[in-house]
Structure formats: structure tokens, C-alpha cells
Amino acid sequence: MSLRVDIRHRQGDFVLDAAFESAGRLTALFGPSGSGKTTLVNIIAGLIRPRQGRVEAGGRVLVDTGRRVFVPAHRRRVGYVFQDARLFPHLSVRSNLTYGRFFAPRAERTADFDAVVGMLDIGGLLDRRPASLSGGEKQRVAIGRALLASPRLILMDEPLASLDEARKAEIMPYVERLRDEAAVPIVYVSHSVPEVARLATDIAVLRQGRLAAFGPTGAILARLDLLSEEAGEGGAVLDMAVREQDRAFAMTVLRSPAGEIRVPAVNAPLGSRMRVRLRARDVMIATERPRGLSALNVLPGVIAALEPVSDNTVDVLLDCGGQAVVARITRLSTERLLLAPGQPVFAVIKTASVEAAGAAPVVGH
Amino acid sequence: MAWLALSPDEWVAVRLSLKVAAWATVASLPLGIAVAWLLARREFWGKSLLNGIVHLPLVLPPVVTGYLLLLAFGRRGPAGAFLAEHFGIVFSFRWTGAALACAVMAFPLLVRAIRLSIEAVDRRLEAAAGTLGASSFMVFLTVTLPLALPGVIAGMILCFAKAMGEFGATITFVSNIPGETQTLPSAIYTFTQVPGGELGALRLTLVSIVISLGALIVSEEVARRASRRVAAA
């Protein structure tokens, strides 16, 4: 199923002008606040009527201003998970979950109550009221409520933004299961690089209402110019496989075409796929294979490009066995080491800097 | 304390008042909710006019309202003649007319309370219900109305209390016929106009106070329970 968006919309001084087509399982709309992400999602959901444009999901036209088509929100079969959960306070968790099911056409009630409740671990909450739930529990119920309406598309508008780090870590695995197990494509709004790096299959980058870039997650995150506002949060995403569990030192050894790296122990079976994010500011560059160094991970590669970021920093894009790795270093270092495109170098990464949360299991792909 | 015991005629006035006020409240509720929803949630041409008409009985002299009702719903009035001919509903000099007068006089209070509580319902919840497949009518029925319930109850009690006390429009429209249109205020007024009626007036005044106070206490309790049930998530 694919999502096609081609929208021009004006709201006061703000102009949204974006067009992309995604067939990904989880398409992230990424950008700083005020970039138009939520407006775009509300247009897809039918909560905002665009001035001009077209939205098509799975071959079904939801809006086409040229042909005067506008499917109202309640007929779109789009599951919307809001940032603030928006559970109905007068209904129990169970009634909240089954609310959308009631309105879905009988033949299309494909979502299985027990399966969804099991997937989200909310079986113990069914008889409670939303007011008594924690933030993370509310968000899980909100996800379940959207799923049980048997939607054809799921929209998630910064579902983790109002949660603290611990709650985020609690929800993320459920979003991953949703992405990998449910056959419903997801549009996920976020301004957080770690979230997008871990969850997205495709990324649409929005800047001040315009589409700055669109593509697969790896390709977009390697383009640091898109993420410069995130101050070194950007970097490469490597798809890797678990090669070995080093229990003596509580580490996991991962393998990819770029080479092997060691990360803090991740509980995953051998051979399973992982996604690792290497932040550019955590990657060092050496012109010879370093010796007598505490950092454990050394990946050989070739400089593909040098991109100045500011007066004193430069992003070095490396090709490591076909995978992109980015290092953010000082301009002084690039001149002292006489770095130039085509030059073979080594990327050095401290194991301790690779976030366990960034090492998310990837099923299939 | 024997002077406290109500005479049979006084009982008739009390029962009639309760019947008239209850009918006025129940019968005007659907229209009241619809008008409150229109005023709270929709933009349309003539909205301020509708708002003005709804609130008119609040600012007009009750006698004027009663006289207008007499002109419209009297036996020869256009609305009165139509209803009598096609539906067999007669208002003039009947208790039904008293209920109509009370309903019209109390309508602004009913609409105002419900409108405020609908406006207080989080529209984001309504949008959420829409994305889950509920049409705007179903959104109203399953989300807006239950969440506005404390306000609806408050409006009904206000309406009931106002109807219990309505005097000017009722006496102008349907007169002061014992057993048919003589409600509590009319009966009290009648007692004050005859010699030796002081005790009767005092007894009915006490009854009035008890009923009104009881209504207020019940409404507080019901609204408190309802708002606890819909406490913000």
C-alpha cells in the first residue's frame, strides 16, 4: 500500500507545500516544531481541508481539490494516535478500545480485540478509567483504540513527545511490533532523531512547510545538512546482525558489511537483525589504524565527501564497505590530517557511546 | 402545628405546580439541547438572532410574553388553532398552557446552562471520535452529550425551579383557574387578595421554599456525581 501526498495549504502566514509518495511501512514526517508536520497529518486524517492538492492512500482518493473530492474524517478509516492520547474520560478503557470497532463496517472489522490487547499488554487495564492510567499506559490504550477501528492507515502525531525517557522506552517496542506485525502502514510524526532512526523505514523531512528531502531512513540520516539543527544528533544508521554475545564483558558483537562493532550488551539471539545509530559527534577519524586506543570499534573506509557545518566543524562522510558513516570533526583536524575525498581512513567509535536504545531489533526488512 | 397541614385545595395547587414544572422541563429539553448545541458548535447565518430570541423572555416583562403566547397559542391564534385542529392539543386556559408558558420563560436558563457545558467539552475529543468513524451526530451522542451531562442536569433543575415560580406569563396566558391553571404562585397571590388568607399563603410559601431548596440540593448531588464520572483524563 502506498501513500501519495501532494498538498498546498495556507493557514495565516504559514504555507505548507509538500509532495511525496511512500510505500514504506513506517513513514516518518520529520522536522522541527512549526515545520508543518501536524498540519500535514491533520490533512491526511481529514481534520483540515487543504486549499489545494490531493491525498491518496492505498489507491483510495481521500482528498482531491481538483475533482472536488473530500472524504470526511469519519469515513476515511484512518487510525489517529494523538500526542495527548485523547482517551474518552467518561468511558472505561475497554469501551475506549471498542469505540471505533462499533463504527467500522462489519466486513472490515479485521482487528482482533484479544490480539491487540495482548500485543500492547493492556489486558490488566480494561476495567479502569483513563484518569487512573499513567502517561505510557494512556498512550498504549490510544494505540490500541486506533488499531481496533481496523484502519487502513495509522497516523501517529508525536505519540512519545509528552512522555519521559523511561515511558518512551516503554512504548517504542510496541510501535516496532506494530510496524513489523500489523499489515497497516504508519505515518509517524516526530522531531526526534533517535525515534526516527529507530522506527522509520522512510523519512520525509519538512522545513518551514516545505519538503526538504524524502527517502529511505539510512540515506536521509546520513545527510547531515538536513539534521544540522539537531547539533550532532544526526549520523549514520547501520543495519547489523548479532554475531556474538560477549558475556564476560557484557557486550554484544554486531556485524555488517562495514565491519564489526561492539555495543553494550543487547538481549537478542544470534543472527537477529539490529539497527545501530552512530551519531556523527561520536565518530572519530584516524588516517592509520590506531593502536594503544581505548575505543574498540575501528571501521576502515574511504572519504566520500567533506561538508562544512559551521566556522569550526566539518562533517566527513565515509563509505565503509558500502555503508555510510558520518563523523563530525573540527576544521582544524581536517587540515592537520590533510583529509580529502577518496582518501582511505578509519572511523573510530567508542562502544560506550553507542546507545542501547539506538540498537533496536529489526524484524525482517 | 395543625395550621401547617395543607387543605385539599392547597394540595391541588402543589400537585399541579409539580406537574406543570415537570412537563415544562421534560418537554423543552430536546429542543433546549439542540439549540444549545447549535449556539455552541455551529456558525450559521442568523445565529445572533436565534440567540436573541431564545433570551428574549429573560428581558421582556413576563406579562408581555404571556400576552404574546395568548395571541399565538390562544384558541383563535394561528399556532393555537392549527395545533387544536390537527393534533387536538389545546393550550388556552388549560394546564398544558401553563406548562408552555413556564417552558418559554425558563428556556433561556436551560439553554444557557447546556450551552456553557457543551462549550467546555474538549473539541479535540470530538475530533478523535471523528477519526474513529463516528459521524457528527454520533460524536454528539457518544462524546459531547455524556461529557456535558452535569451542565444538562444543572439546566434542567434551573428550568424546573424557574417553572415552579413562574407567575406573570402564566396568569396572563391561561389565567388563574383553581385545579386547572392555578399553580403555587397564583394560589399564593390569590390568598393574599382575600381576607384571612395569610395562613394559606404562608403554608404555600413554605412548600415553595422546601421544593426549591430540595431541587437545588438534588441537582448539586447529581451534578457532583456526574462530573466525578467524567473527570478529565
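Predicted model: local features only at pLDDT ≥ 70, side-chain atom pairs only at ≥ 80, totals over all residues.
Biologist: Now chain B itself. What does its pattern look like along the sequence?

Modeller: Chain B reads α-α-α-α-α-α-α-α-α-α-α, with 11 helices and zero strands. Its C-alpha atoms fill a box of roughly 70 × 45 × 30 Å along the principal axes. Of its 233 residues, 43% count as buried, where buried asks for 20 or more other C-beta atoms within 10 Å. Among its contacts between residues at least 6 apart in sequence, 75% join residues at least 24 apart.

Biologist: Why are H1(B) and H8(B) called oblique to each other?

Modeller: Helix H1 (residues 8–41) and helix H8 (residues 149–165) of chain B pack at an angle of about 140°. Roughly antiparallel is over 145 degrees and roughly perpendicular is 65 to 115, with oblique for the rest, so H1(B) and H8(B) come out as oblique. Their axes are 9 Å apart, and H1(B) passes H8(B) in a right-handed crossing.

Biologist: Which residues of H1(B) and H8(B) meet there?

Modeller: Among them, Ala21(B), Ala24(B), Ser28(B) and Gly32(B) in H1(B) meet residues of H8(B) including Gly155(B), Met156(B), Cys159(B) and Phe160(B). By class, the contact has 11 nonpolar, five polar and no charged residues.

Biologist: Over to chain A. Why is Arg60(A) called partly exposed?

Modeller: Arg60(A) has 13 other C-beta atoms within 10 Å. Exposed means 12 or fewer and buried means 20 or more, so with 13 Arg60(A) is partly exposed. Arg60(A) is found in strand S5 (residues 60–64) of chain A. From Leu97(A) it is 37 residues away in sequence and 26 Å in space, C-alpha to C-alpha.

Biologist: How do you know that S10(A) and S11(A) pair?

Modeller: Pairing takes at least two bridges, and strand S10 (residues 202–207) and strand S11 (residues 210–216) of chain A have six, in the antiparallel sense. Arg207(A), for one, has Arg210(A) in S11(A) as its bridge partner. The two strands form a hairpin with two residues between them, and Gln208(A) in the turn has a positive phi of about 45°.

Biologist: What makes S16 and S19 of chain A edge strands?

Modeller: The open sheet of five strands runs S16-S20-S17-S18-S19 in chain A, with antiparallel pairing. Strand S16 (283–286) and strand S19 (323–330) each have a single partner strand, so one side of each is left without a neighbour in the sheet. The twist averages 45° from one strand to the next.

Biologist: And inside that sheet, how many bridges join S17 and S18 of chain A?

Modeller: Strand S17 (residues 297–308) and strand S18 (residues 313–320) of chain A pair over six bridges, in the antiparallel sense. Val302(A), for example, stands opposite Asp319(A) in S18(A).

Key. Residues numbered from 1 in each chain as written. Chains lettered and ligands numbered in written order. Axes fitted to C-alpha atoms, helices over the stretch in contact; angles between N-to-C directions. Helix = DSSP H or I, 4+ residues; strand = E, 2+ residues; numbered from the N terminus. Parallel < 35°, antiparallel > 145°, perpendicular 65-115°, else oblique. Left-handed = near helix turned anticlockwise from the far one by under 90°. Contact = placed C-beta atoms within 7 Å. Nonpolar A, V, L, I, M, F, W, Y, C, P; charged D, E, K, R; others polar.
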